[in-house]
Amino acid sequence: MSSELQSAERSVEEHSVALKKPLGLSDLVLTQIVFVVGSSWVGTAAKLGPSHLFFWLLAILLFYIPQAAVVIYLNRLMPLEGGIYQWAKFAFNEFTGFIVAWNLWLLSIMVIALGGMFITTNLSYALGEAGAWMRNSPWCVSLISCALVGGLGWTGVRGLSLGKWLHNIGGFAMLLAYAALIVLPFVSLARGDLSAYRPLQIAAPTMSIFYCFNIFTKLAVGALSGFEYVGILAGETHAPARNIGRSVIIAAPIIAVMFILGTSSVLAFIGDNQIDLIGPVPQTLRLGLHSVQIAGAIASVAILLMTVRSISSMSIHFTGSSRLPMVAGWDHLLPSWFARLHARYKTPINSIVFVGAITLVIAISSQIGTGMQEAFQLVDNAANVFYGIVYAVMFAIPIVGASMIRSRARPWLKVAAACGFAVSLLAIFFTVYPIIDVPSPFIFAVKIILVTVIANMIGAAIFALGEKKRRAASHLTA
């Protein structure tokens with residue numbers, strides 16, 4: 001490793017000394033599971049029918065394994081607070097690092113802002129007909145959004161010494177819900193409710209290849225993504241160079257099995273019927289337990305488990321999105337105000353308050369008027385492009401990054417990174433080109449492109465302003 005990189009890493013590590021380091025290997029494994037595994041992806045994959053296994057395996061081969069390999073490689077080389085921001089900065093330049101962090105930050109902000117709406121919907125389904133009014137009430141959604149952001153903010157200030165327990169509970173909740181989902185077909189088979197069940201059947205796709213590959217990119221960059229996010233918290237982790245990589249190795253096969261067998265369960269009970277893409281797990285449990293008197297109660301419990309997981313996942317997003325401004329503050333690309341730590345808990349208090357305020361404004365604004373809701377949904381769709389950009393840059397690092405970084409990457413890793421890079425670009429294309437029914441696919445594509453370009457122009461302007469102030473300050477001290 002070059003002395004230049006070592007010197008730059010020492011500078012980041014000096015800033016990280018003040019941070020507490022409560023995350024151990026088991027915490028990281030559960031965080032990976034709760035962050036990567038979502039409840040809706042098994043429904044999306046089930047739309048492929050019996051061919052889902054082929055596309056899951058293709059996504060694992062071309063994106064999931066490359067992602068894990070690149071994250072492990074970069075984290076071992078640069079186990080630094082800020083994760084992918086630092087990787088892109090040292091591999092390319094500060095501007096690239098900032099833009100990558102900006103796109104990842106925008107993605108997290110949108111996920112958190114959507115949280116109140118998602119939780120309200122889940123709670124309304126858990127309560128049955130008595131709670132149906134909740135998901136149609138802007139006031140209810142706004143109040144739950146306020147409670148959610150307030151709770152996430154309080155947990156964020158307390159730090160990962162508390163937050164890791166929320167993440168661990170979410171991980172256990174997700175494991176429990178998926179265990180019930182995966183076991184259910186075998187129970188139904190034993191009871192005679194199912195005549196046959198072949199969970200690992202591989203079949204040729206019956207839909208158009210264009211449609212199948214659209215879903216494939218969703219499974220890859222949507223469902224199987226997220227390993228890089230834990231790297232943001234490297235400065236708050238015990239032995240990050242070792243434990244973050246180990247957490248990926250342990251969690252990766254568990255996550256793959258959950259997705260594949262979970263999709264098989266959904267297909268076993270829903271078949272050709274309409275799949276509820278918001279809640280395929282509760283829907284499947286209701287159908288699988290239709291002959292059991294407490295089926296409704298079990299489905300409600302499953303919904304609550306999914307809700308706990310969602311809150312935990314949003315807590316991880318909140319934590320990461322508050323650390324990215326902090327590390328940018330260390331580099332003076334944002335005001336040092338963002339880097340100020342809480343006197344007791346050693347968390348970036350100002351950054352946490354800022355993230356909470358921004359997400360709350362977006363969440364509440366999205367409930368005001370049809371025009372605002374449409375704008376909110378447009379930015380949410382563009383968030384998939386933001387993530388695609390993040391991954392494209394990450395996979396480019398071992399291939400065309402700084403020589404001191406790419407020279408240590410073995411040929412097989414570069415080939416894997418090239419596969420991940422291609423899938424990331426394909427995912428961006430399919431996000432821009434919709435398969436859903438829209439009045440005009442061309443206008444939809446133009447809107448997504450404009451939102452993405454404008455968002456990144458704003459990020460570039462913020463970077464330029466910070467760079468200008470930093471240069472002015474260096475001239476004054478020279």
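1. Let me start with Ser-142, which sits in helix H7, the run covering residues 138–158. Bear in mind that what we have here is a predicted model. Is Ser-142 buried or exposed? Its relative accessible area is 12%, and the cut-off for buried is under 20%, so Ser-142 counts as buried. Setting aside residues up to four places away in sequence, Ser-142 touches Ile-364 and Gln-367.

2. Next, Ala-234. You'll find this one in the loop that runs between helix H9 (209–223) and helix H10 (240–270). Despite the loop position, Ala-234 counts as buried, because its relative accessibility is 2%. Which residues does Ala-234 contact, leaving aside neighbours within four places in sequence? Asn-75, Pro-79, Leu-80 and Glu-81 are on the list, and so are Pro-240 and Ile-244. Have a look at Leu-23 too: it is 211 residues from Ala-234 along the chain, yet the two C-alpha atoms are separated by 9.0 Å.

3. On to the helix pair H2 and H10. Two packed helices are described by the angle between their axes and the distance between those axes. For H2 (residues 25–36) and H10, the axes come within 8 Å and cross at roughly 40°. That makes the two helices oblique to each other, and their crossing is right-handed.

4. Who meets whom in that pair? From H2 the contact takes in Leu-25, Leu-28, Val-29, Gln-32, Ile-33 and Val-36. On the H10 side are Asn-243, Ile-244, Arg-246, Ser-247, Val-248, Ile-250, Ala-251, Ile-254, Ile-255, Met-258 and Phe-259. Sorted by type, the residues of this contact come out as 13 nonpolar, three polar and one charged. Note that Ile-244 turns up here as well as among the contacts of Ala-234.

5. Now the largest nonpolar core, which has 135 residues. Its members that touch the most other members are Leu-74, Leu-104, Phe-227, Ile-255, Phe-259, Met-394 and Ile-405. Helix H4 (residues 52–77) supplies the largest share of this core, with 16 residues. Apart from it lies another core, made up of six residues, including Ile-428, Val-432, Phe-444 and Ala-445.

Definitions and conventions. Residues numbered from 1 in each chain as written. Predicted model: local features only at pLDDT ≥ 70, side-chain atom pairs only at ≥ 80, totals over all residues. Heavy atoms only, no water. Core = buried A, V, L, I, M, F, W, Y, C linked by side-chain atoms within 4.5 Å. Buried < 20%, exposed > 50% of the residue type's maximum accessible area, 1.4 Å probe, protein only. Helix = DSSP H or I, 4+ residues; strand = E, 2+ residues; numbered from the N terminus. Contact = heavy atoms within 4.5 Å. Axes fitted to C-alpha atoms, helices over the stretch in contact; angles between N-to-C directions. Parallel < 35°, antiparallel > 145°, perpendicular 65-115°, else oblique. Left-handed = near helix turned anticlockwise from the far one by under 90°. Nonpolar A, V, L, I, M, F, W, Y, C, P; charged D, E, K, R; others polar.
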